[in-house]
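Thanks for coming, everyone. Please bring up the model.

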Amino acid sequence: MTFLIVRFVILLLISWCTMTIVHESGHLVGGWLTGGTLEDYSLAPWSLPYSRFEPDPHPLVTLWAGPLVGVLVPLLLAIIVRRPAIWFISHFCTLANGVYLALAWLTGDHHLDTPRLMEKGASPFWIALFCTVTISFGYVGFRKACVLLLTKTVQNHR
Ligand SMILES: [Zn+2]
């Protein structure tokens, strides 16, 4: 049983690192592709990753690229690899990106993505749609992935 919990916790840690690094890499790619100059960044998952472009000619692209790439890259990887552990990570990333944008919206902290998106003119409709889709699909998928992973490993270790 201890093995199952350790394995589950390790998978959660990998999911967290994947989520933070892929999300922030999305901002980096978005800013870089639209001609921004990278002033400062950190991808370290243990402190919240960040990036700052100055100037940032298309801030909406830079800002949206984080959550979109953060959801789509792990999803694409899961579709290609088709392993339960990768689906677990992908669903975690989907859920986490949605929850992050929703919480950032509620807190109104101007260092976080959602208030910054709104300052730059993003429509609350698209943000709400993103949160609704990612939180609902992410929750259902992640819950299913947890059950599958735990029941399969329990059966394998009886
Ligand atoms: Zn972000």
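Start with two helices, H1 and H3. They are oblique to each other. How do we know? This is a predicted model, and everything I say is computed from it. The axes of H1, residues 2-33, and H3, residues 84-107, cross at roughly 55 degrees. The crossing is right-handed.

Now, who meets whom? H1 brings Leu11, Ile14, Ser15, Thr18, Met19, Val22 and His23. H3 answers with Ala85, Phe88, Ile89, Phe92, Cys93, Ala96 and Asn97. Sort the residues of this contact and you get 10 nonpolar, 4 polar and no charged.

Pick out Cys93. Which residues does Cys93 touch, not counting residues up to four places away in sequence? They are Ser15, Thr18, Met19, Val22, Gly70, Val71 and Pro74.

Next pair: H1 and H2. Helix H2 covers 59-81. The axes of H1 and H2 come within 7 Å. They cross at roughly 135 degrees. That makes this pair oblique too. H1 passes H2 in a right-handed crossing.

On H1, they include Thr18, Met19, Val22, Gly26 and Gly30. On H2, they include Val61, Ala65, Gly66, Gly70 and Pro74. The residues of this contact divide into 10 nonpolar, 10 polar and 1 charged.

Let's stop at Ala65, in helix H2. Is Ala65 buried or exposed? Buried: 23 other C-beta atoms lie within 10 Å, and the cut-off for buried is 20 or more. Leaving aside neighbours within four places in sequence, Ala65 is in contact with Gly26, His27, Val29 and Gly30. Compare Ala145, 80 residues from Ala65 along the chain. The C-alpha atoms of these two are separated by 26 Å.

Last stop: the core. In soluble globular proteins, nonpolar side chains tend to be buried together. Here, the largest nonpolar core has 24 residues. Which of them touch the most other members? Met19, Phe88, Phe92, Cys93, Ala96, Leu101 and Ile127. H1, H2, H3 and helix H5, 124-156, each supply at least two residues of this core. The largest share, 10 residues, comes from H3.

To recap: H1 is oblique to H3. H1 is oblique to H2 as well. Over to you for questions.

Key:
Residues numbered from 1 in each chain as written. Predicted model: local features only at pLDDT ≥ 70, side-chain atom pairs only at ≥ 80, totals over all residues. Axes fitted to C-alpha atoms, helices over the stretch in contact; angles between N-to-C directions. Helix = DSSP H or I, 4+ residues; strand = E, 2+ residues; numbered from the N terminus. Parallel < 35°, antiparallel > 145°, perpendicular 65-115°, else oblique. Left-handed = near helix turned anticlockwise from the far one by under 90°. Contact = placed C-beta atoms within 7 Å. Nonpolar A, V, L, I, M, F, W, Y, C, P; charged D, E, K, R; others polar. Core = buried A, V, L, I, M, F, W, Y, C linked by C-beta atoms within 7 Å. Buried ≥ 20, exposed ≤ 12 C-beta atoms within 10 Å, placed from the backbone.
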